[in-house]
Each structure stands twice: as C-alpha cells, then as structure tokens.
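Welcome, and thank you for taking a look at this protein. Please open the sequence and the model side by side, and we will walk through a few places together.

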Amino acid sequence: MYTKKEVEIGGRCMSFETGKIAKQTSGSIVVNCGDTMVLVTVVADKGTKDAGFLPLTIEYQERMYAAGRIPGNYFRREIGRPSEKEILTCRLIDRPLRPLFPKGYMSETQLIATVFSADQEIDPDILAMNGASAALSISDVPWAGPMAAARVGYINDEYILNPTASQLEKSSMNLIVAGTETAVVMVEGRTGELSEEIVLEAIFFAHQEIQPLIAMQKALQEEIGKKKREVVAPLVNEPLKAKVEEVAAAGMEELVTVAGKIERGARYDSLKDEVLAAIDEKLYESEREVFDVLGAYKKNIMRDRIVNKGLRLDGRSFDQVRPIECEVGVLPKAHGSALFTRGETQAMVVGTLGSERDELHVESLKGDTYRRFMMHYNFPPFCVGEARFMRGPSRRDIGHGTLARRGIETVLPDAADFPYTMRVVSEILESNGSSSMATVCGASLALMDAGVPIKAPVSGVAMGLIKEGDKVVVLTDILGDEDHLGDMDFKVVGTAEGISSLQMDIKIDGVDREIMSSALAQAKEGRLHILGKMEEALGIPRKNVAEHAPKYVTIKINQDKIRDIIGPGGKVIREMTAEFDSKIDVDDDGTIKIFSKSTESAEALVAHIEGMTAMPEIGKIYNGLVKTIKDFGAFVEILPGTDGMVHISELAAERVNKVTDVLQEGERVNVKVVDIDAAAAFV
C-alpha cells in the first residue's frame with residue numbers, strides 16, 4: 001500500500017514514501033528533501049545463523065547520475081570500492097542502529113541506501129540515516145527504534161538545524177546527532193574550538209528538534225508496519241554458568257588485577273584451558289558455549305570491580321590518564337615526526353609537506369574538490385599481537401583518520417600563509433585503547449616538528465562509561481578492555497580553548513544530558529593534562545620547515561611572459577623542472593610557485609626565471625649576444641627572448657661603412673638601452 005508522510009524539520013519539508021518501489025524487500029523507504037532523494041531498503045533472511053554476533057551489513061552508495069555527472073574514472077561507472085564519503089556515511093548509519101537490535105537476533109540483515117537524486121545544498125547522509133530507521137521500523141525485523149538524526153551548524157551564535165552546504169561554509173560547527181525519543185545515541189563531527197557548553201547545547205538542541213521525525217516514524221509504523229519477528233532470548237545454561245563461575249572464580253579475581261594487556265590476555269587464555277578441562281562435556285554442546293559463559297562472567301566481574309569497588313584494571317583513578325611519553329624528530333629523513341606513547345598505546349606519526357600538485361582530488365556528487373590536508377591512519381595486526389592477512393584501510397581506519405583530520409583542520413594555517421599540501425600518516429605500533437586519540441596527539445606534534453605554523457596544539461582523549469542501574473561511572477582514557485566491557489566510547493579532540501571534533505558511540509539505549517555533561521567536563525581535564533605533557537616535548541611549531549622539506553618560493557612575472565616560462569607544449573617548464581629538481585606551478589596572474597628540495601636549487605631556479613622574464617630598463621647597460629647582422633645595424637639579445645637593434649650609426653664614434661667591420665654574429669657586446677618600443681633601440 002502506497003503511503004506518504006511529511007514532516008517539517010529545520011524549516012524544510014522531509015517526506016517519507018513507501019509501497020511504490022522496491023516492494024520485495026523487508027522494508028523500503030524513499031526519503032525526499034528539496035531535490036535530494038534517497039532510497040533505503042532492508043532485507044533480512046528468514047533463517048537464523050548462530051554466528052555469535054549480529055550479522056548486520058550497512059551499505060551507502062552514491063550514483064553520479066544523481067548529480068547529472070558521469071564518473072571520471074577509466075571505466076566511467078561507479079567502481080566497486082566505496083569512496084571515503086560512502087564509507088563514512090555507512091558508519092554514520094550503522095552506529096546508532098546497531099545498539100537497538102535485541103540480543104538473540106541472528107538473521108543475516110542488509111540495509112542499502114542509494115542516492116537517486118542529489119541537491120547540491122542538501123547532503124544525502126541525514127536522509128539516509130532517517131530513512132534507515134524508518135525502513136527498519138516498518139519492516140518485520142525486530143528493532144527497538146525508531147531513532148532520528150540531524151545536523152547542527154553554528155552561525156553568529158545561533159544553532160542551525162540541518163544547514164545547507166552554503167550555510168556550512170560559514171558555520172563553525174558541523175555536528176551530526178542521532179537519538180531516540182528519550183536519549184542521544186550517537187554524536188560525530190567538527191566543532192571548531194567551541195566550548196563544552198556550546199557543544200552540549202548543540203547536542204540537545206538537535207535531540208529536541210528530531211522528535212517530530214520520531215513521532216512520524218511511529219505513526220508510519222502503526223499504520224503500515226509489518227508484524228515483528230519473534231526473537232527468543234538466548235537461554236542461559238544455568239548448570240554450566242554455575243560450574244564455570246565456580247571453577248573460574250579464583251582465577252578471575254586474580255585476572256582482573258593484572259595491569260598489562262599482554263599478561264592479562266595470556267592469563268585469560270590459561271584460564272580458558274583450565275575451565276574447559278574442569279567441566280564435564282555433558283554440560284555443554286560446544287567449546288564456544290563455555291567460552292561465551294566465561295566471557296560474560298569476566299565482563300561482569302570487571303564491571304562490578306569498577307562500579308562497586310572503584311578499581312580500574314590498571315589501578316588508575318577514574319579521571320587519571322595513563323603515563324605519557326612524547327618524542328619528536330625521531331625519523332631523520334621525514335619532514336616531521338613524533339612518537340606518542342600513552343600506556344600501552346603507541347603511534348608513530350609522520351608529516352610530509354608537498355606542493356599544490358600533491359593535493360587530493362576528490363570526485364563526489366558535489367563536484368571535483370581538492371584537499372590540501374590528508375590524515376591517514378593505519379592499524380597493522382602486529383600492534384595487537386596478531387598475525388593476519390593485510391588488506392587496504394578498513395572502514396574503521398577511514399573513520400579514525402577522518403576524526404583526527406577534523407580535529408586538526410581547525411588549527412591549520414590558511415593556504416595564503418602556508419601554501420604547502422600536508423599529509424600526516426599515523427602508524428599504530430601498539431594498541432590498548434584510544435589509538436585514534438594517540439593519532440591526534442602525534443599528528444599535532446609531527447606538524448609542529450615539520451614547521452607547520454598551526455594555531456595551537458591539539459590533543460584527544462577517549463572517555464568510557466559504565467552504567468549499572470542508578471550507578472554511573474565515567475572513565476578517562478579507556479583501555480581496550482574498558483571499551484569492550486563498557487557502555488560508551490566518547491572521543492573528544494580539542495585545544496586548550498575548546499573542542500575541535502568529537503565522536504560518541506554507545507551500547508545502551510542512550511545517555512542523558514547529565515551523563516554527557518559530566519563526560520565532557522572530565523574529558524576537558526584529561527585533554528589539558530595531555531597538552532601539558534605534549535608541551536614538554538614541543539610547545540610551539542619550529543620556526544622553519546624541516547631541512548628535508550621542499551622549499552617554497554613565489555615570484556611574480558609579467559603575464560605576457562607566462563608563455564615563455566611554459567614553452568611550446570610545456571617543453572620549457574618541463575626542462576626547468578628536471579634541471580632544477582623542482583615543482584613549478586604557474587598561475588594566470590603571473591604568480592609562479594616554486595617547490596624545491598633545497599634552498600640552493602630554489603635560488604638558482606628563481607635566478608633562471610628572472611633572467612628569462614626580466615624586462616629591459618632604459619639607461620641600463622647589458623652584455624648582449626649579437627644574433628643577426630643587417631646592412632643597417634645589428635640585433636642584440638640582452639635577455640632571453642628580448643632583442644634590440646643597434647643602428648649602424650651608433651656602432652662607433654667615427655663613421656662605420658659596414659656593420660661587420662665592428663661586430664660579428666655570436667660576439668658579445670655591451671649595449672645601453674636608450675629607448676623601448678615595438679623595435680627596441682640600443683647603443
């Protein structure tokens with residue numbers, strides 16, 4: 001049955017349609033706002049797979065036809081590998097949905113969002129997130145939604161709901177908030193060094209404004225929603241549970257006091273063997289069942305130890321940051337480098353400077369853009385003591401790199417003041433929680449080490465949450481195990497002045513204002529502490545770019561001389577690039593930007609270009625080359641491409657019968673410029 005619902009949100013109408021297309025799905029919704037149109041479909045297998053986890057797949061795909069464009073790649077079609085934008089939007093959709101699926105639901109479920117039409121002012125990501133919730137709500141898939149999402153901008157001290165692309169260019173905030181009727185479930189975005197109070201108000205401004213979207217989805221579900229599948233909660237094998245806890249009790253109490261990750265992991269592996277050996281095989285069907293019960297027992301013991309005993313795994317207080325070590329300039333040939341170690345998490349972060357030609361070309365529905373700052377995050381298997389096949393960057397790698405990039409971009413110098421292209425790579429060497437925040441800290445240090453005049457150092461800290469009934473504990477700088485057993489992962493990035501980016505994911509129904517306010521306040525203390533430790537290694541950017549970094553020089557020439565620099569088919573500029581081992585960019589206004597590997601080559605190239613493009617000055621004496629001799633005089637080249645005529649009457653004080661009596665072709669002679677016109681005259 002065709003159904004359409006509309007709701008006004010942020011001053012614009014957002015419509016939800018179903019029953020017209022993609023009718024063989026478990027649920028499908030077409031979301032429209034302006035000229036942006038997104039189809040979201042949900043399909044779930046009827047069978048159940050005992051995979052031990054929720055087999056949920058989220059895909060978001062942009063079609064270039066949506067913006068009236070043909071893909072620019074060789075094949076002229078959307079290739080299989082998703083773009084960065086598609087990956088990040090997949091994560092935005094996935095993170096608020098996943099916690100709302102019931103335990104025990106194990107059917108293979110796939111959600112696909114396809115952009116059919118793209119308005120240049122309205123980003124499809126918010127439509128896709130809301131469409132995903134609506135599609136799940138009307139489907140037979142069991143799910144504790146609906147949820148809704150909105151973007152928040154901040155212009156002239158006012159919050160803007162779902163700002164357009166034009167408004168975002170003027171906004172100091174680009175924050176995406178997702179929530180249910182009662183609580184916030186996800187936050188992500190950049191916040192431009194704004195205070196904790198402003199950011200907190202933005203989050204709950206969005207939460208209040210999305211309520212009409214939630215009410216509309218509820219009405220849609222009541223009207224046409226399918227009956228939800230029944231989910232049988234996993235039965236607890238009480239005899240097995242009792243036996244596992246009895247056998248593991250002493251070992252588990254010892255395990256939770258082991259501070260080191262490797263040592264704790266090794267002790268847990270031994271405990272698993274001990275438990276398996278001590279339990280009668282009649283009590284379980286598979287070893288995984290035993291290990292699942294043991295894992296749940298471990299989680300409960302650890303949470304109880306934190307909430308009721310006030311003891312963290314490594315003995316720290318709730319608001320204490322792990323020991324920090326910072327080193328800069330650790331790689332001799334890199335333009336900038338930093339080794340940042342926080343507890344058992346370590347990142348080698350490297351900065352590289354390049355020219356405009358090194359900018360990242362991004363093709364998207366909004367057209368072709370160029371990015372002068374790139375932040376790449378790599379998480380090799382050895383950093384967690386594993387051996388596994390290495391592929392390209394994962395969705396997690398892309399997401400962590402983007403979070404760090406947003407946090408750092410706020411403090412980068414303007415292109416007019418610092419025209420370099422910048423790339424920062426974070427190699428995670430050890431990981432025990434908060435490697436993305438180690439990346440942020442290392443990136444700030446590496447850029448300063450490279451001589452990038454950032455406006456202020458940036459640090460980041462990951463906050464955790466454990467909630468048991470009315471008891472709530474907020475943890476600063478969480479370990480990997482604290483992330484896994486906890487209820488929230490809240491990453492906050494910023495300077496001493498304010499927050500520049502943040503990301504929050506939860507595993508419970510949501511968090512309220514009081515919890516989030518407490519987490520932000522505690523995160524600020526941690527961030528400032530980390531900034532203090534970073535300052536001990538390097539407090540301000542180095543005065544000059546690194547020795548091995550390219551040297552940047554600009555000169556201005558007459559626009560008429562541009563063709564002389566480029567040459568026929570680019571021949572001259574290619575030859576200069578090779579001869580002086582430099583990159584040369586020429587703007588239409590005559591500005592020439594030179595990137596050379598050394599100061600000496602840059603100076604030599606500048607002198608060469610100045611010689612090629614210099615204009616003759618009246619009254620100046622030049623040592624010129626006789627190019628051509630005529631009966632009436634000689635043509636002398638005083639500058640590359642600039643010839644002047646010396647009349648026979650000016651060759652000597654006495655009368656000259658033949659020019660060749662005084663000059664020969666190929667001879668060098670001093671001449672003085674006496675006039676400049678279409679046919680320059682020298683003497």
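Which residue takes a positive phi near 60° in the hairpin of β3 and β4? The residue is G34, and the hairpin has 2 residues between the strands. Before we go on, please note that this is a predicted model, in which local features need pLDDT of at least 70, side-chain atom pairs count only at pLDDT 80 or more, and totals for chains, interfaces and linings use all residues. Residues are numbered from 1 along each chain as its sequence is written, and side-chain values use heavy atoms, with hydrogens and water left out.

Helices (H or I, at least four residues) and strands (E, at least two) are DSSP runs, numbered from the N terminus. Strand β3 covers residues 27–33 and runs antiparallel to β4, with 7 bridges joining them; two strands pair if DSSP finds at least two bridges between them. Strand β4 is mostly covered, with 7 of its 9 residues buried. Buried means under 20% relative accessible area, exposed means over 50%, and partly exposed is in between (1.4 Å probe, protein chains only).

Now step back to the whole chain. It is divided into domain 1 (3–224), domain 2 (238–308), domain 3 (324–537), domain 4 (551–613) and domain 5 (620–673), with bounds that come from an automatic or database domain assignment. The C-alpha centres of domain 3 and domain 5 are 67 Å apart.

Next, find Q522 in helix α12 (residues 513–537). Q522 counts as buried because its relative accessibility is 14%. A polar atom of its side chain lies 3.3 Å from the backbone oxygen of F318. Leaving aside neighbours within four places in sequence, the contacts of Q522 (heavy atoms within 4.5 Å) include F318, D319 and M463. M463 belongs to strand β18 (residues 459–468), and M463 counts as buried because its relative accessibility is 0%. Not counting residues up to four places away in sequence, M463 touches several residues, among them V474, F490, A519 and A523. The C-alpha atoms of M463 and G526 are separated by 9.3 Å, although these residues are 63 residues apart along the chain.

Rings of Phe, Tyr and Trp (its six-membered ring) pair if their centres lie within 6.5 Å; planes under 30 degrees apart count as stacked, over 60 as edge-to-face and the rest as tilted. The whole structure holds 11 aromatic pairs. One of them is the stacked pair of F101 and Y105, 5.9 Å centre to centre with 10° between the planes. Both F101 and Y105 are buried. The rings of Y552 and F595 have centres 4.8 Å apart and planes at 50°, so this pair is tilted. Y552 lies in strand β22 (residues 551–556) and F595 in strand β24 (residues 591–596), so the pair ties together parts that are 43 residues apart in sequence. Y552 is partly exposed at 24% relative accessible area, whereas F595 is buried at 4% relative accessibility. Ring pairs also link F418, Y420, Y552 and F595 into a cluster.

Key
Polar contact = N/O pair within 3.5 Å; in protein donor to acceptor, adjacent residues only side chain to side chain.
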